[in-house]
Amino acid sequence: MTSGVATAVPRDLAGFADQLRTRLRPLADELVSAPTESVDSDRIAAVEELRAGHDATVANMRRLQRALFDAGIASPSGPRDLGGLGLTSAHDTVLDTVLDELDFPSREALFVGLNIVAPALVHHAPAELRERVVTGLYRGDLIGCQLFSEPGAGSDLAGVRTRAMRDRPSWVQPGHAVASAHCVPGE
């Protein structure tokens with residue numbers, strides 16, 4: 001546990017959920033607030049669009065993630081040496097369910113970083129990169145994103161074929177589009 005409190009973590013899902021409820025209730029007063037705007041029914045659009053309150057929403061997600069990390073429960077399935085609990089992905093689902101049940105803020109903008117980027121780095125990155133980036137994702141210091149390129153644009157680095165043309169005062173890259181998932185400006 002990152003908090004320095006050695007607490008036995010139940011491996012069974014029901015016991016884990018009960019322990020989470022007990023540990024999260026004290027954080028609820030600090031991190032749960034009444035919604036100030038209606039929640040968009042399209043959860044992806046609600047996260048990715050730059051709308052009024054976006055920066056505050058992302059700041060709340062980061063604050064929640066940091067509190068979870070400090071409590072030792074930010075990534076149940078993450079490796080212990082990076083701040084995780086070494087449990088299963090089912091335990092991650094239980095954490096999300098309990099957070100929803102207790103009305104904590106959504107962590108949707110952190111989804112790609114926690115569920116795609118972090119696991120890929122855990123399995124394939126050098127130790128220094130793993131420690132710096134994965135721990136940053138688990139703490140909420142970093143927000144991961146995923147880019148998709150159109151066919152023929154070179155989804156793999158070796159296959160990239162592109163050029164840029166000067167169009168004062170900018171550069172223009174013709175012919176290929178790149179879409180992103182959960183990118184936050186400035187990240």
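**View 1. Ser75 sits in the loop between H3 and H4 of this predicted model**. Is Ser75 buried or exposed? Ser75 counts as buried because its relative accessibility is 9%, and the cut-off for buried is under 20%. Leaving out residues up to four places away in sequence, Ser75 touches Gly84, Leu85, Asp92 and Tyr138. Leu85 lies 10 residues from Ser75 along the chain. The C-alpha atoms of Ser75 and Leu85 are 6.7 Å apart.

**View 2. The largest nonpolar core has 37 residues**. Which of them touch the most other members? They are Leu20, Leu24, Phe104 and Tyr138. At least two core residues come from each of helix H1 (13-31), helix H3 (54-70), helix H4 (89-101), helix H5 (111-124) and helix H6 (127-139). H1 gives the largest share, 7 residues. In soluble globular proteins, nonpolar side chains tend to be buried together.

**View 3. Leu20 and its contacts**. Neighbours within four places in sequence are set aside here. Leu20 is then in contact with Ile73, Val94, Leu95 and Val98. Leu20 is also one of the core residues that touch the most other members.

**View 4. The second largest pocket holds about 540 Å³ of space**. Its lining has 27 residues. Closest to the pocket centre are Asp92, Asp96, Arg107, Leu114 and Asn115. Asp92 is also among the contacts of Ser75. H4 and H5 are the elements that give two or more residues to this lining.

**View 5. What kinds of residue line the second largest pocket**? The lining divides into 13 nonpolar, 8 polar and 6 charged residues. H5 supplies the largest share of this lining, 7 residues.

Terms used
Residues are numbered from 1 along each chain as its sequence is written. This is a predicted model: local features need pLDDT of at least 70, side-chain atom pairs count only at pLDDT 80 or more; totals for chains, interfaces and linings use all residues. Side-chain values use heavy atoms; hydrogens and water are left out. A nonpolar core is a set of buried Ala, Val, Leu, Ile, Met, Phe, Trp, Tyr and Cys residues joined through side-chain atoms within 4.5 Å. Buried means under 20% relative accessible area, exposed over 50%, partly exposed in between (1.4 Å probe, protein chains only). Helices (H or I, at least four residues) and strands (E, at least two) are DSSP runs, numbered from the N terminus. Contact means heavy atoms within 4.5 Å. On a 1 Å grid over the protein atoms alone, a cavity is a set of points where a 1.4 Å probe fits but cannot get out, and a pocket is an open set with protein on both sides within 12 Å along at least five of seven lines; lining residues have an atom within 4 Å of a point. Grid points are joined across faces, edges and corners, and a volume is the space filled by probe spheres set on the points. Ala, Val, Leu, Ile, Met, Phe, Trp, Tyr, Cys and Pro count as nonpolar, Asp, Glu, Lys and Arg as charged, and the others, Gly among them, as polar.
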